[in-house]
Amino acid sequence: MREQELVQGNEACARGAIYAGCRFFAGYPITPSSEIMEYLARELPKVGGVCLQMEDEIASISAVIGASWGGAKAMTATSGPGFSLMQESIGYAAITETPCVIVDAQRGGPSTGQPTKVSQGDVMQARWGTHGDHPIIVLTASWVREVFEMTVHAFNLAEKYRVPVILLLDEVLAHLRENVILPEPGELEVISRRHPDRLEDFRPFADETFCAFGEGGRVMVTGMSHDELGFPAQGKKAAEQLQRILMKIESRTEELALYGAHFLDDADAVIISYGITSRAVEEAVRLLRADGLAVGWLDLKTLWPFPDKLVRSCTEHAHYVLVPELNWGQLVREVERVVGGRAPVEHLGRLDGYLITPEEIARRVQDRVQCGA
Amino acid sequence: MATKQIQLTGAGGQGLVLAGIILAEAAMRDGKNVAVAQSYGPEARLGASKAEVIISTEKIAYPQVTQPDILLCLSQDAFDKYFSDAQVLVVVDATQVQAPAESRNIYKLPLVRAAAEQVGNRLVANVVALGALNALAELVSWEGLRASVERRTPQKYREQNLRALEVGRHLAHTQTKEV
């Protein structure tokens, strides 16, 4: 049996990227994501990859998009302020259907905010930060090993569907070290973009097949609305193309939903959480169940596309729904929309840069359930 | 031991995060589950710094310390912020921290001075502290702790750090607990 290692969240992300076949990273160091780049600067060249420090985050995401069109699996990593700068080009990646992975280790915002403190304040920005309707997949993680797995998964989805995938981490998980046994080569599936069978009549924007520059296919890449060949298109043709790229993700909402469902069968109260906060919920649920309260827990790993059907079925018989998250109320709005007034939905947040504790969650649920909510 | 919660506190640059890593890695090699969370301010140096180590035979879900059993303070600010009478064991640096005389759980040890005078490098005070903590609280095996120090410190300072561990262990055994 392989030995346990003490691994940091950021290191797990970097190692997951290499495992997934990432061979290009461009970034600009920022707390709390910097260790991802530090690791890749040291290790990528050893596997024939490239790690570039750019002049800022706009250049970083642009380099990543360029590298992807050069045929490389590519990633960048940042935090709130850098993530804000990347938004325009995330839209470019979306409309040009460029496979790439963007890691955002969330810290207290807005602006410079609390650079060294934890937050889950970028959930809505990850979905809607760039302008216009666009497809996006947003994943998150709660454990160091899960950071590794989700990074690999982010690459797999990016490559399979030709879409930018965002991995939302947070300051605590990014900096947390735990004992883990990371996956061995071959243990996790690694997916690479599909190349066209025939190059002569290749249409670069017809589906998920991808031909990099220099591979022989005729490729024209533009941020303008375009037809299947990549040439500018307006009106009906533009709408058809946009619908296609939106639906390739939206129509797969259910299969994209990764989650953990715990104690939901008999649950009167349901807690819905994600990321680092899920670890407090795990303890809280244990405390509440020991008290004899019928509490269930839905632990979301895929945040976007938001899994409507899953959340609806998990809250169907609930009399109370709690959404703890380290912000002023973001994913809770999606939960409210889906629950649609069938049960009270409450938010439990924090803005001070500290984690929500198991006791806070347990106390809130106890108060509400005993009041007959 | 089911779960031990340890806070290592002080200022940026004192090696508290490294001390947390060394301690956790030793515990991991003893077959325990561990989590090391770090917390620091936005300053490049000398801001508040803290490492939190949880060592457990159980799965560690919540990754931060809720009720510290053991507290190390290498600065007055850290002591003022984190000290409580509820803690089982508190070790402070005798020259950096003014601690109330009446507290029964405090060990005041000259960690930084011992690092400077007995090892010749005040920067290894973090490892002196680890030696003292482990002598007083028996957190991990000495063999594992030594291996972890060797693994996590630069070659050039390895001997100094190993010596620091012994100096800390000796300090804890010889200093009388102040009442």
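How much area do chain A and chain B bury between them, and what percentage of it lies on carbon and sulfur atoms? In this predicted model, the two chains bury about 2,100 Å² between them, and carbon and sulfur atoms account for 53% of that area. Chain A contributes 29 residues to the contact, and chain B contributes 26 residues. Within the share that chain A buries against chain B, 29% is supplied by A:L6, A:R177 and A:N179, more than by any other three residues.

Charged pairing also occurs across the interface of chain A and chain B, where two salt bridges are found. In a salt bridge formed by A:E282 with B:K59, the closest N and O atoms are 2.8 Å apart.

Within chain A, the packing of two helices was examined. Helix 1 of chain A, spanning residues 9-20, packs against helix 2 of chain A, spanning residues 34-43, at an angle of about 45°, and their axes are 8 Å apart. The crossing of helix 1 of chain A past helix 2 of chain A is right-handed.

On the side of helix 1 of chain A, the residues in contact are A:N10, A:E11, A:C13, A:A14, A:R15 and A:I18; they meet A:E35, A:I36, A:Y39, A:L40 and A:E43 of helix 2 of chain A. Classified by residue type, this contact of helix 1 with helix 2 of chain A comprises six nonpolar, one polar and four charged residues.

Terms used:
Residues numbered from 1 in each chain as written. Chains lettered and ligands numbered in written order. Predicted model: local features only at pLDDT ≥ 70, side-chain atom pairs only at ≥ 80, totals over all residues. Heavy atoms only, no water. Axes fitted to C-alpha atoms, helices over the stretch in contact; angles between N-to-C directions. Helix = DSSP H or I, 4+ residues; strand = E, 2+ residues; numbered from the N terminus. Left-handed = near helix turned anticlockwise from the far one by under 90°. Contact = heavy atoms within 4.5 Å. Nonpolar A, V, L, I, M, F, W, Y, C, P; charged D, E, K, R; others polar. Buried area = accessible area lost by both parts, 1.4 Å probe. Salt bridge = Lys/Arg side-chain N within 4 Å of Asp/Glu carboxyl O.
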